[in-house]
Amino acid sequence: MAKTVRNRGIRIIALSNGMNSDYKTYVSSLGLIASGPKEYYRVDNSQFNEVLAELEKTVCISEPQIPETCFSQKRRVFFALDSSSGRGKKKFREVKEFMENLVTKLQIGVSNSPVGFLQYDDLTTSRDRVVFEKDESVEETLSRIKNMKYRKGRESYLGNALKIVNNQVFPHSTDRHGEYKDLLIIIAHKQVKDAQLAFNEAEELKGKGVEIISIATGGRKRISEIKSQLQVISTPTNTHSADYTSLWAVLDEVLVNVCGLGQCSSFLAITCSPKKQDIAFVIDSSRSIGKRNYIRLQRFTRRLASRLDLEKDRTHLGLLQVGNRQGSRFQFNMGEFPDRSDILYMINDMKYLDSTYTYMGEGLKTIREEVFNQRGRDRPDIPNTLVIFADGQSHDPRVMLEEAQSLKTLGVKILSVGYGQNVTMSSYGMKNLMKMATNQKDVFSIDFKNNDLVLEENIEVIAKQLVEVDCPRAFAPPVQCTQGAVDLFLLVDGSRSITSPNFKLVKKFLRRLTSEFDIAENASHVGLLQFSDRKSMSYEFALSEMHSNKQVRRAIKHMKYRAGSKTNTGNALRIVDNYIFNKRNGDRPGVLDVLILFTDGQAHDFSMAKKHAELMKKRNIRIITIAAGPDAKNPKAKLVEQMEALATDPLNVYKVDFSELNDIVDKLIDIDCHLVSRKL
């Protein structure tokens with residue numbers, strides 16, 4: 001019946017509530033009913049708000065099914081397993097069970113595909129641990145995994161482990177159209193001690209055609225830091241995270257990566273999906289660039305290309321290297337290689353031209369005549385984008401600027417990325433790049449002296465500007481609700497546990513949030529109280545005090561962090577209940593009252609907090625609660641329980657890390673806009 005429903009184009013989402021001994025079997029059956037591997041969720045009563053957020057996502061709107069042909073592909077699969085201290089034997093068993101399930105799913109052994117593994121930890125103890133047996137059955141492979149012992153080394157030297165994998169497991173480049181696909185799966189639970197070496201070795205492996213998938217495991221406090229490192233070592237799309245109890249739940253996500261499906265990029269807005277695009281990279285490969293910079297750009301462009309939605313019927317990519325007048329050449333033309341792995345291989349196979357001169361104008365002319373026209377590989381009605389990687393210096397500067405203008409006239413969007421030995425934002429070459437770009441936000445500069453972690457951030461920034469997206473279900477712009485007045489009061493935790501760096505993030509979030517409201521005498525009013533212990537309470541400004549967005553932003557900017565010793569949420573809510581939402585202190589009859597409570601810790605006076613929250617709800621004051629910090633995403637934490645009890649309803653509870661605060665602004669505004677329009 002589920003198949004019949006899906007065949008009619010109906011999307012099925014399955015939610016499981018509860019836990020019992022047959023839970024995993026039950027959820028696997030839900031996976032068969034749901035429309036795709038990411039269309040079922042494990043929830044308890046405290047997690048429905050998180051599920052709602054997941055259901056709002058339209059990245060990968062049509063979740064790819066995993067075809068049977070994926071499981072018949074021959075692979076050489078190797079696991080690099082973090083065996084350092086901090087995991088424990090019980091949690092190690094969870095990891096081994098995950099490995100067993102993945103091996104079983106991939107039917108390794110049926111197609112004579114070898115599987116191996118390496119436990120890594122300290123620099124010396126990873127030696128002689130490579131296990132890579134050929135011609136063994138699935139049962140033999142599963143037995144080896146089951147009998148694997150937890151080593152419990154001191155540190156996590158992933159770079160050293162990848163060096164061993166490079167030299168002993170995948171020592172030679174693979175034939176990209178050969179019989180086997182090479183796959184490396186990293187499972188880590190501790191921060192990498194030799195991150196730069198790990199990055200370098202991973203890049204060498206990818207250059208050999210090895211696909212790398214990473215999984216960050218462990219406790220909630222540490223997992224985001226580990227994941228950020230692994231994203232650089234593999235890619236954001238190929239990086240996953242889970243605590244030990246839900247590690248098995250990422251199995252299908254890993255299979256989607258293994259089969260080359262679901263390449264939606266993580267940097268996209270949660271309500272958006274990538275558009276089809278025709279993209280061309282033009283790279284200055286002349287001597288003025290320098291070979292060292294060229295090699296690092298080669299790596300940079302490969303990682304940027306991995307962010308693109310590259311498929312035959314999706315985004316197409318071409319790459320042209322520019323040198324002497326007649327020396328420009330295509331590494332591959334637009335759409336020549338629709339397969340992602342082929343494109344990444346071709347970028348890795350580029351050779352530095354080291355030409356004496358740079359004729360960028362001739363290169364752009366080639367793009368105009370052979371790529372972005374109806375006679376070339378350009379597809380009608382698909383947006384065209386050109387990315388120029390250069391130092392901006394050319395021996396035909398007039399032709400270069402004229403050709404750039406001609407391309408823009410044809411509707412081609414141009415991004416300019418400055419790189420080379422003498423590129424600064426004030427240099428002559430950079431000024432040329434600014435002239436060629438479509439607008440100023442399409443101009444970037446890369447300093448390859450930075451480490452790879454910094455460069456990864458540059459890739460994310462360029463990718464966001466490069467990829468065009470459809471946002472069919474994005475929230476309406478906040479300005480649409482500014483016609484309705486709101487009396488908004490902000491109750492902000494200023495206790496010691498917040499810490500000064502995080503309080504700066506809170507202030508940034510508050511400035512962003514309040515800037516979305518039309519604050520004026522006859523429009524929205526905003527007030528703010530910083531609370532902690534009774535002595536450190538600070539009434540920053542009243543509802544009736546500020547009459548412009550500029551005044552509110554300035555007041556928040558200059559707000560001092562009180563760092564009180566306690567979190568007296570109850571006392572703060574008592575003050576709001578008794579003294580804020582009344583006519584004497586600026587509350588206006590007939591205007592919607594909204595209270596936003598932000599905190600990172602459980603209340604020391606929760607009974608008082610609960611009492612006054614209930615009294616305000618009876619007066620139709622909407623209460624929105626935001627829990628931040630390490631306990632915020634733990635559904636069993638006392639902080640989360642309290643926030644759910646104080647909020648008007650479960651849809652008005654937000655649980656975030658401090659770094660994610662700005663991501664919920666649109667959702668908060670959407671709630672307020674909906675309430676305003678309904679009341680009006």
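The protein chain has an average pLDDT of 80, and 78% of the residues score at least 70. Among the elements of the chain, the highest mean pLDDT, 95, belongs to strand β18 (residues 525–531), whereas helix α22 (residues 665–679) has the lowest, 53. Over residues 261–272 the pLDDT is below 50, although this stretch has 45 contacts in the model beyond near neighbours in sequence. The pLDDT also stays under 50 over residues 672–680, for which 17 contacts beyond four places in sequence are present in the model. Where pLDDT is low, the predicted coordinates should not be read in detail.

An open sheet of mixed pairing is formed by 6 strands, arranged in the order β19-β18-β17-β20-β21-β22. Because β19 (538–541) and β22 (653–656) stand at the edges with a single partner strand each, one side of each is left without a neighbour in the sheet. Neighbouring strands of this sheet are turned against each other by 15 degrees on average, direction ignored. The pairing of β21 (residues 622–628) with β22 is parallel and extends over 4 bridges, and Ile-626 stands opposite Tyr-654 in β22.

The largest nonpolar core comprises 34 residues, of which Phe-281, Leu-317 and Phe-389 have the most contacts inside it. At least two residues of this core are supplied by each of several elements, including β10 (278–284), α11 (291–305), β11 (316–322) and α16 (452–466). Beyond four places in sequence, Phe-281 touches, among others, Leu-304, Leu-317, Val-387, Phe-389 and Leu-466. A second, separate core of 33 residues includes Val-492, Met-559, Leu-592 and Ile-626.

Key:
Residues numbered from 1 in each chain as written. Predicted model: local features only at pLDDT ≥ 70, side-chain atom pairs only at ≥ 80, totals over all residues. Heavy atoms only, no water. Pairing = 2+ DSSP bridges. Axes fitted to C-alpha atoms, helices over the stretch in contact; angles between N-to-C directions. pLDDT = per-residue confidence, 0-100. Contact = heavy atoms within 4.5 Å. Core = buried A, V, L, I, M, F, W, Y, C linked by side-chain atoms within 4.5 Å. Buried < 20%, exposed > 50% of the residue type's maximum accessible area, 1.4 Å probe, protein only.
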